[in-house]
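Hi everyone, thanks for coming.

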Amino acid sequence: MTRPSFRFPDGFHWGAATSAYQIEGSPLADGAGPSIWQRFAHTPGMMVNGDTGDVACDHYRRYREDVQLMKALGLKGYRFSINWARVLPEGSGRFNPKGLDFYSRLVDELLEHGIAPNATLFHWDLPAALDDRGGWLNRDSAYWFAEYAEVMFKALDDRVPRWSTLNEPWVVTDGGYLHGALAPGHRSKYEAPIAAHNLMRASGAGIQAYRAHGKHEIGVVFNIEPKYPHSDSAGDLAATARAHAYMNQQFADPALLGSYPPELKEIFGDAWPDFPAEDFKLTKQPVDFVGINYYTRAVVKHDANAYPLHAVSVRQPNRTYTETGWEVFEQGLTDTLSWFKGRYGDIPLYITENGSAFYDPPVAEGEVLDDPLRTNYLRKHLQALHRAIAAGVNLKGYYAWSLLDNLEWSLGFSKRFGLYHVDFATQQRTPKASAKLYAQVIESNGAVLDEDA
Ligand code: BGC
């Protein structure tokens, strides 16, 4: 009997991802305005250990060195995000050429090394000046975003072949507007649906701007976490449907179907507005691809005390959990891709993030740091991805999260997701064993995964 082969289709796009606030440092350099993350991180009590993005991986100054790391992996693509307030310090109006210049130099450096840039316009760092005007609660946010998007398309679309409007709008609203653990730190069930809706209006307006000014591909990136019921009880099944609608459909539905799933009204009650029907013309714009960020699954149970979903996740016995408390469950990746295709049709898909935080020491000894748990996570998820392709999912590429250990938002530097270890005291980068595996995967286009099927 021949063993299964994990060789990927020719031309499969292998990449790695990062985001601006998590790696760049120098947040106010060269005339940049503050973002809401700059403010949040400098508010006492918001960040683990008082960490901030003031230096982070110092990528703003070391980007050339970091492109060398990408080159060593053999990456075909690099997904990064643009800090809006570097380019438009007040979010709208005044343009800061020096801020744009950083991204222009980064793009040139990537192209020079044969790495295709994939730029995300918004990975959570809203300009603080726009937050002062209501941020995502203000309906004008869609137009502010389109104005910024247009500036970026005009400047870089000649060299950037792939764009995304937003990264994970669910996290922005759940963390930033409903539960408050992320910037801007609000806690309101009345605000969260409005922010969510305006984010999707903004994404639509950004895509419209792209059709007028861009020539390549644009999409949007969602985090999808499949939900499995804890039992067959009616209560658990309904709780699972609510959790699924809230996290996995609240953003993809208006973008791809032009409507909201009915469970949202059930969850939010009087806090769920009657959105104008007109808005869905804006939210539902044709996309060239969708990016899916996959990390874990949830097993869901009804809980009358859980606000506002009346649903909680149940920890599974005898399973491996990462340092962020996420179950390692690669089957969920295959299931997610099949579900997405079934619900939204045969849109080209990318896994735009996938990775794991496991403990690594702050200082790496030796030339390669052994990280068996992360290496295993990577291997298993790539095999699961291959199974999805074999089942007919139109998957074009994969971006590992993350190129470097970085600032894990309000968890600071306490969680390490990198293929490269970063010593935050010296900025020394050291490859981990997972980076070595990933380089072999890229080189063999997946065939190396056969060895441990
Ligand atoms: C985000 C990243 C984050 C990662 C790990 C995603 O939610 O897009 O910025 O670091 O997951 O939590």
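Where is glutamate 168 found? Glutamate 168 is in the loop between strand S4 (162-167) and H8, with helices (H or I, at least four residues) and strands (E, at least two) being DSSP runs numbered from the N terminus. Its phi is near 50°, a positive value in a residue other than glycine. For context, most residues other than glycine have a negative phi, and most peptide bonds are trans.

Some housekeeping before we go on. This is a predicted model, where local features need pLDDT of at least 70, side-chain atom pairs count only at pLDDT 80 or more, and totals for chains, interfaces and linings use all residues. Residues are numbered from 1 along each chain as its sequence is written, and side-chain values use heavy atoms, with hydrogens and water left out.

Glutamate 168 also brings us to the ligand. Around the ligand we find Gln22, His123, Trp124, Asn167, Glu168, Tyr295, Trp326, Glu353, Trp401, Glu408, Trp409 and Phe417, where a residue is near if one of its heavy atoms lies within 4 Å. By class, that shell has six nonpolar, three polar and three charged residues. Here Ala, Val, Leu, Ile, Met, Phe, Trp, Tyr, Cys and Pro count as nonpolar, Asp, Glu, Lys and Arg as charged, and the others, Gly among them, as polar.

Now the polar contacts, meaning pairs of N or O atoms within 3.5 Å; within protein, one must be able to donate a hydrogen and the other to accept it, and residues adjacent in sequence count only if both atoms are side-chain atoms. From an oxygen atom of the ligand to a side-chain N or O atom, I have 2.5 Å for glutamate 408, 2.8 Å for tryptophan 409 and 3.3 Å for tyrosine 295. The protein covers 95% of the 310 Å² of accessible area that the ligand has on its own; areas come from the Shrake-Rupley method with a 1.4 Å probe, and for residues only the protein chains shown count as cover.

So where does the ligand sit? It sits in the largest pocket, in the sense that more than half of its atoms lie within 2 Å of the grid points. Points are joined across faces, edges and corners, and a volume is the space filled by probe spheres set on them.

That largest pocket holds about 1,200 Å³ of space. Its lining has 50 residues, and Trp170, Asp174, Glu225, Met247 and Trp326 lie nearest its centre. H8 gives the most to this lining, with five residues. The lining divides into 28 nonpolar, 13 polar and nine charged residues.

The largest has about 80 Å³, and of its 14 lining residues the closest to the centre are Asn354, Gly355, Arg374, Leu378 and Trp401.

A cis peptide bond joins alanine 183 and proline 184, with omega about 5°, and proline 184 is in the loop between H8 and helix H9 (192-213). Another cis bond joins tyrosine 307 and proline 308, with omega about -10°; proline 308 is in the loop between S8 and S9. Thanks, everyone!

Conventions
On a 1 Å grid over the protein atoms alone, a cavity is a set of points where a 1.4 Å probe fits but cannot get out, and a pocket is an open set with protein on both sides within 12 Å along at least five of seven lines; lining residues have an atom within 4 Å of a point.
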